[in-house]
Amino acid sequence: MEDIIYIEKEKFHDVALEYRKKGYDFLRSLTGIDWGEDGLGAIYHLENTSTKENIVLKTLTLRREDPHLLSVADIWKGAEFNEREIYDYFGIQFIGHPDMRRLFLREDWVGFPLRKDYDMSLNPLRMSNEETSNDTQFIEVLPDGSVIKHRDLLFDNDEYVINIGPQHPATHGVLRFRVSLEGEIIKKLDVHCGYIHRGIEKMCESLTYPQTLALTDRLDYLGAHQNRHALCMCIEKAMGIEVSERVQYIRTIMDELQRIDSHLLFYSCACMDLGALTAFFYGFRDREKILDIFESTTGGRLIQNYNTIGGVQADIAPDFVSKVKDFIKYLRPTLKEYHDVFTGNVIMQGRTKGVGVLSREDAISFGTTGGTGRASGWACDVRKRHPYAAYDKIQFDEILYTEGDCFARYMVRMKEIEQSLNIIEQLIDNIPEGDIQVKLKPIIKVPEGTYYSAVEGSRGEFGVFLESRGDKHPYRLKFRSTGLPLVSAMNTMCRNAKIADLIAIGATVDYVVPDIDR
Amino acid sequence: MFDFGIITKWIHDWLLSFMPMGLATVIECMLVGIFIILLYLVVAVIMIYMERKVCAAFQCRLGPNRVGPWGTIQLVCDVIKMLTKEIISIRSSDKFLYNLAPFIVILASVMAFSCLPFGRGIEVLDFNVGIFFLMASSSIGVVGVLLAGWGSNNKYSLIGAMRSGAQMISYELSASISLLTIILLTDTMQFSEIVMRQEDTWFIFKGHIPAFIAFVIYLIAGNAEVNRGPFDLPEAESELTAGFHTEYSGMHFGLFYVAEFVNLFIIAGVAATIFLGGWMPLHIAGWENFNAVMDFIPSIVWFFGKTLFVVWLLMWMKWTFPRLRIDQILTLEWKYLIPISMLNLLIMTIVVVFKLHF
Amino acid sequence: MKKKRGYIGSLLFGIKSLLTGFGVTGKEFFKKKVTEEYPDNRDTLQISPRFRGRLTMPDPSKCIACGLCQMNCPNDTISLVTEMITDKETGKNKKVLVSYNYDLGACMFCQLCVNVCPHDAIQFSTEFENAVYDRNHLKLTLNKE
């Protein structure tokens, strides 16, 4: 249960600005909620990055037709995409937002799907192509209280706009950028999300808590353990369940294995995007070994289904410990090989050093957590900020670089593999005995309240916001996507870079599209 | 060592025995044409198979192994697939240029291909400015690439074509200068003469340091000229999907594809001829018995052996390095390769003037 | 920060880094390859016993047709057809299973059905070759083979 400060919607922008001046510079999560009779609104999770203090703000509007709230996109840049998401889901228009468009759904979508009174039959499966609209709107409120909408163009008619994606080898899935070029130089970039939007948050509202777990593995599929860990932790926190030491240790080891898995894939894909196809295979070859370890314990390679509410699905496989140790022994020298073939390469360094610089201020403002934030010098590791599971019992370094360029982002992840190996080494021999599953009632009901918990996913803070009304279904379940802040920062990073740099930036920022679209 | 000139002379005499000189020449030209095109195809197939196997070995894979023993029939299947695919015509493209482009590319490639001396007596185009002709004809290819990019009316293709225009023309320079370095040593541009002068030692040993530097520069520049990794910017897969040939399908694409691989072979073949002695066996002065053994190996085996070795080197290069960016490509050429090759040319001049070579 | 290299320095650094790369791939060229020759190595293929290939019902008599699996399935993958019969000896009414319908195409392998089954009547098998030519072949009836 969290303390939420309610602020009237007229004053919200001023109050938010005041909090920003007090040092609350990181907008952790922005969640839109439909409280039915009590209005439509948004919940803001803020963090002061220097003192690690957290507060939660809330604002709402009672109008259901044409609801308005004040935008905070000028205070926290990360709010820009999140407010578009809320507009998309709840129809709340944010006054002062520079680019008030839908984010995930089609332009011709009828209604706002996450409202409780939304009628599913309004949107049959459309077989027609969606026309790409070049329009956006900017909403302004006049001193007399009337609201006017200004129509705006995204790109001028004489700009040379090319589509990168949705089907493109370097966007790692179905993400689409519209890029305005001048020769090879990128002048403006517009991100189109939603090609793999599945409405997981909406689906969760009609599923029981154990059922919602299965969907988390399908968000960021390279952080399946971590995502599920976050949701389990959130539900356990809400229900006051204490999981055993053994489970804590196993979850931590699994999270770190998953991180290595994800970073190896990152390495492979970065190599491939930069054109080094051979190094790509080396990364995949070694990732396969982790997947084998996963398979023997969890039964899955990509979708693992391992964490459950109050425990884990099954005890670790008998050969788990020895296999993990062998893998650690194997990976350390192999990492050196990676550095020889790719990191040290003069071409690679030339293509990544000084490219796509993201300053520390921008990183915090956008909320680009994970490797991207740490490459910009922002100590944003949730494992250090708000330790969970067994992370307070172990020694590890938070890798920080200050350059904020592609090379720093790349190196942060490569060094994190080593740190993850250290963490696993510290834990693997000391897994305590204990139950692997807390006994629960057959029907899980979460007490009323709002809860937020976060884990350090493979590519940033993965948060779960849960509002419960005491049912066996969540009232609102929001996943703080790790990828959405990353792509929202793309326009800033890619300005005046070349097309080839866009690929390098995209590769090192390391977004996963199903996690952005949810 | 067997001289293939005997066979050609025999055919020539036989034809002359029952027909006038003019007709015989026409028939011989046609025979040579058919021979070159067939050899071109065979080389293309060998190259594609080799590329797939070699790249697989570098990437800890096995490569094609399902069709035929060691996957050898795979290439035949690929050719059949390519031939039976539909050639899509793009509605808003410039039809004429769009269809013309692959033929210009293949024409340039075949012309350059016919300059290569494959063995003793197998020289199709062999005249006193052979190297000059080869450089000239191979650079026609860039026109085809530009036309493909422009004609297909696709933004990716256009960017790819512009990149290749800048790249191929720049790299022509350092490739030519490094060839010029060796011409200094040989004082001839005729391929058959160049090979004959390497009877005692190959030029890479004869010209020692400057020749070796020229060899390396030629390999780099040659690789860039045929748009292969790490210089495959015009078709940078992860940036421009397929670059200038994005919109081509079926055999139109096949022509680009084949031309790319044979161009690689040509670059390697020229490198083998000029630096490694072409079809000339390895001769070491004084070791008469050794030289005699070497002479037993047919000249054509020598040529293909050396060329495929150079191809393997180039593939090693391609499958090891990441791709360069357009500005880095131009920096490499104009700030590094050209000054170094100019300096190298100067060194070679000194070597030749003072007779410092072996 | 390393200090900036000059012209010659950067050239030498570049050449050295490229040669190191050559070394790694060159060694790899001669190493043993890792390709799994899949259809040929079926016999030696190792699949973890915990792998979730498809749902099976090894012993249909264990099923008491309670319907918990059907209730817990997030995707409506399972549907049970049951009927009431009267036990002749005791005279009590008892629900028995007629057919256990399972749609493999809709299953997301979340394992909730297996977890909840009170008599362990259903379990996942490691059979992974699930490809069929027709979607309808994915609709399985587990209690009748």
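**Exercise 1. Chain A as a whole**

Find out how many helices and strands chain A of this predicted model has, and decide whether the chain is compact or extended for its length.

*Solution.* Start with the secondary structure: chain A holds 17 helices and 16 strands. Next, turn to the radius of gyration, which is 23 Å for chain A. The globule rule gives 24 Å for 518 residues, and the two values are close, so chain A is as compact as a globular protein of that length.

**Exercise 2. Two domains in chain A**

Locate the domains of chain A, and work out which elements of domain 1 touch domain 2.

*Solution.* First, take the bounds: the domain assignment of chain A gives domain 1 as 1–116 and domain 2 as 200–509. Their centres, taken over C-alpha atoms, are 26 Å apart. Now look at the contact, where 20 residues of domain 1 of chain A meet 23 residues of domain 2 of chain A. On the domain 1 side, β2 (26–34) and α2 (79–90) of chain A are the elements that give two or more residues. The largest share, six residues, comes from β2(A). Finally, sort this side of domain 1 by class: nine residues are nonpolar, five polar and six charged.

**Exercise 3. A helix pair in chain A**

Determine how α4 and α5 of chain A are oriented to each other, and name the residues that join them.

*Solution.* Find helix α4 at residues 209–216 and helix α5 at residues 224–239 of chain A. Their axes lie 8 Å apart, and the packing angle is about 155 degrees. An angle over 145 degrees counts as roughly antiparallel, and therefore α4(A) and α5(A) are roughly antiparallel. The crossing of α4(A) and α5(A) is right-handed. From α4(A), the contact uses Tyr209(A), Thr212(A), Leu213(A) and Thr216(A). From α5(A) come Asn227(A), Arg228(A), Leu231(A), Cys232(A) and Ile235(A). By class, the contact of α4(A) with α5(A) has five nonpolar residues, three polar and one charged.

**Exercise 4. A helix pair in chain B**

Now try the orientation of α7 and α15 of chain B.

*Solution.* Helix α7 spans residues 155–186 of chain B, and helix α15 spans residues 326–353 of chain B. They pack at about 10 degrees, with axes 9 Å apart. Angles under 35 degrees count as roughly parallel, and therefore α7(B) and α15(B) are roughly parallel. Their contact consists of 17 nonpolar, eight polar and two charged residues.

**Exercise 5. Where the chains meet**

Describe the contacts of chain B with chain A and with chain C.

*Solution.* Begin with chains A and B: 25 residues of chain A contact 22 residues of chain B. On the chain A side, α6 (245–273), α7 (277–298), α9 (346–352) and α16 (499–509) each supply at least two residues. This side of chain A comprises 15 nonpolar, five polar and five charged residues. Then move to chains B and C, where 10 residues from chain B meet 12 residues from chain C. The chain B side here has eight nonpolar residues, one polar and one charged.

**Exercise 6. The outline of chain C**

Give the order of elements in chain C, and set its radius of gyration beside that of a compact globule.

*Solution.* Chain C contains three helices and five strands. Read from the N terminus, they run α-β-α-β-β-α-β-β. A compact globule of 145 residues would have a radius of gyration near 15 Å, but chain C has 28 Å. Along the principal axes, its C-alpha atoms fill a box of roughly 100 × 40 × 30 Å.

Conventions: Residues numbered from 1 in each chain as written. Chains lettered and ligands numbered in written order. Predicted model: local features only at pLDDT ≥ 70, side-chain atom pairs only at ≥ 80, totals over all residues. Contact = placed C-beta atoms within 7 Å. Helix = DSSP H or I, 4+ residues; strand = E, 2+ residues; numbered from the N terminus. Nonpolar A, V, L, I, M, F, W, Y, C, P; charged D, E, K, R; others polar. Domains from an automatic or database assignment. Axes fitted to C-alpha atoms, helices over the stretch in contact; angles between N-to-C directions. Parallel < 35°, antiparallel > 145°, perpendicular 65-115°, else oblique. Left-handed = near helix turned anticlockwise from the far one by under 90°. Rg over C-alpha atoms; globule rule 2.2 N^0.38 Å.
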